Structure formats: C-alpha cells, structure tokens
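Please keep the sequence and the structure in view while reading.

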Amino acid sequence: MLNQKTFLAVIPARGGSKRLPRKNILDLAGKPLIAWSIEAAKKSKYIDEVLVTTDDQEILSISKSCGANVITRPAELASDTATSFDAIKHAIKNTTHYDYVVLLQPTSPLRNSTHIDEAIEELQLKSADAIVSVTEMDHSPLWSNTLPETGSMENFLRRDVLNKRSQDLEPYYRLNGAIYICEVNNLLKEQSFFLKENIFAYKMKADVSIDIDTFMDFKLAETIFFNSEKKNRI
C-alpha cells in the first residue's frame with residue numbers, strides 16, 4: 001500500500017511455451033525462473049498481494065512454495081491465442097479488489113523489488129493512471145528501414161540522418177516487458193495497460209531488461225546474473 005492505495009501483483013505463467021519449453025520453471029541460478037519474480041514482488045514495500053495465474057500444476061506448486069497466492073485459469077485462457085489481458089482480467093475478477101494491478105512477467109528475472117517500488121513511486125509522483133517500463137534501444141531506429149524485393153537502399157535513410165554519429169541521434173526507447181502498472185477500473189475499461197492518457201514510462205537499464213523468450217535470452221540472463229552481485233537481484 002502507498003498513500004492508501006492498494007496494489008495487486010499478478011504474475012501470469014502458462015505451462016506451455018513453444019520457443020523455450022517449460023521456460024517459466026527453468027533453473028536460473030538455483031531457482032525456478034518464476035521464483036525470481038515472486039520473491040521480488042514479495043519484497044516490495046508496496047505490493048499487498050502476489051498472485052500467480054497459471055494452468056499448470058507444477059507451476060502452481062512452485063508458486064505456493066515461494067509464498068505466492070495462486071489461481072488456476074481456465075483452459076481457454078491458457079491457449080496460444082489467449083492474451084495476457086484475458087488472464088489478468090480473470091485474476092482481478094477472482095480475488096479481492098485492489099486499486100492498482102502490477103503485471104510482472106516471469107520472463108524478466110533481473111527486475112527486482114527496487115525497480116517495482118520505484119515504478120510505483122513514479123506512479124504516485126505523477127498522479128498517473130498507468131506506468132510501463134522501458135529501456136533505451138541499443139541502435140536507433142532512424143538507422144533502419146524496410147527493403148524492397150530488389151534490395152535497393154535508395155532512400156533507405158533520411159537525409160538529415162546521414163553522416164550523423166550514433167551519439168548525436170536522439171535516444172529511442174522500447175518496451176522491456178518487466179513492469180506494467182495500471183489503475184484497475186481504467187484497465188478493465190480500456191482492456192489494455194496502454195491507456196489513452198495519463199500514462200508514463202519507468203526507465204530501466206539494459207542489463208536488467210532481459211525478457212526471456214529463447215534459449216539465447218536465458219543464457220544471457222544467466223551470464224548477467226553470475227557476473228553481478230547476487231544481492232542486487234532481489
């Protein structure tokens with residue numbers, strides 16, 4: 001709770017994963033992947049409840065052992081076509097009412113309790129209805145474009161970008177998938193964390209913005225973890 005506003009952390013974790021099978025429970029530095037997000041949420045100063053929504057009994061059991069509350073989602077909300085919003089809505093409708101929902105994807109294990117608390121504090125500081133985490137892009141999109149079938153690079157770059165150094169280009173940011181916060185009524189009304197107005201960014205560094213989707217992502221997260229002090233992870 002912060003300033004009398006309550007916060008529900010929801011961690012969606014399906015059992016199926018095509019690119020990286022069973023990724024949500026893969027062992028990362030001695031813990032199942034999902035455990036890192038559960039522990040980060042539980043160590044937050046402001047999160048009132050940590051709720052894992054899953055269709056998988058093993059994930060359910062691991063989540064309980066890590067201290068999270070759990071909700072079993074219907075099969076239709078665990079398919080490849082089901083959206084994260086569908087699962088979040090189901091979780092909201094089947095638990096105590098909270099003012100805000102904090103979506104924490106288990107595929108962002110390097111996001112810690114400090115990041116969660118800072119994002120919530122940013123929400124309160126700006127009297128925002130929503131906060132979404134981002135990280136600065138490694139390469140400017142101003143140096144990219146589509147290509148025709150011929151492969152011609154005529155007009156590939158804008159004239160005002162030619163001969164500019166990368167450090168002279170304005171920074172661009174991308175979603176990193178780590179933290180989404182939204183006021184519950186607005187979330188349900190717009191059916192998205194991306195509200196039309198009163199939404200702001202929470203900036204995170206690149207080394208904590210790994211979003212695990214492939215085996216290469218997993219190994220990168222593992223490498224970053226083992227090359228950082230463990231105490232900074234949670």
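The buried residues of helix 4 pack against several elements: strand 1 (7–13), helix 1, strand 6 (100–103), strand 7 (130–136), strand 8 (173–183) and strand 9 (199–204). Here helices (H or I, at least four residues) and strands (E, at least two) are DSSP runs, numbered from the N terminus. Packing rests on contact, which means heavy atoms within 4.5 Å. Buried means under 20% relative accessible area, exposed means over 50%, and partly exposed lies in between (1.4 Å probe, protein chains only).

The model is predicted: local features need pLDDT of at least 70, side-chain atom pairs count only at pLDDT 80 or more, and totals for chains, interfaces and linings use all residues. Residues are numbered from 1 along each chain as its sequence is written, and side-chain values use heavy atoms, with hydrogens and water left out.

Helix 4 covers residues 113–125, and its 13 residues reach 18 Å from the first C-alpha to the last. This is close to the expected 18 Å, where the expected span is 1.5 Å times one less than the number of residues. Helix 1 comprises residues 33–43. Eight of its eleven residues are buried, so helix 1 is largely enclosed by the rest of the structure. Helix 3 spans residues 84–93. The cover over the buried residues of helix 3 includes strand 1, strand 4 (49–54), strand 5 (69–72), strand 6 and helix 5 (184–190).

| Helix | Buried residues |
|---|---|
| Helix 1 | Leu33, Ile34, Ala35, Trp36, Ser37, Ile38, Ala40, Ala41 |
| Helix 3 | Phe85, Ala87, Ile88, His90, Ala91, Ile92 |
| Helix 4 | Ser113, His115, Ile116, Asp117, Ala119, Ile120, Leu123 |

**A residue of helix 1**

Which residues does Ile34 contact, leaving aside its neighbours within four places in sequence? They are Ile11, Ala13, Asn24, Val52, Ile59, Ile62, Ser63 and Pro106. Ile34 has a relative accessibility of 0% and therefore counts as buried.

Asn3 is not a glycine, yet its phi is positive, at about 50 degrees. Asn3 lies in the segment before strand 1 and, at 56% relative accessibility, counts as exposed. Gln191, a residue other than glycine, has a positive phi near 55 degrees. Gln191 is found in the loop between helix 5 and strand 9, and its relative accessible area of 51% makes it exposed.

**The protein as a whole**

The secondary structure comes to six helices and nine strands. Of the 234 residues, 47% count as buried. Along the principal axes, the C-alpha atoms fill a box of roughly 55 × 40 × 40 Å. Among contacts between residues at least 6 apart in sequence, 73% join residues at least 24 apart.

The protein exposes about 12,600 Å², of which carbon and sulfur atoms supply 48%; accessible areas come from the Shrake-Rupley method with a 1.4 Å probe, and for residues only the protein chains shown count as cover.
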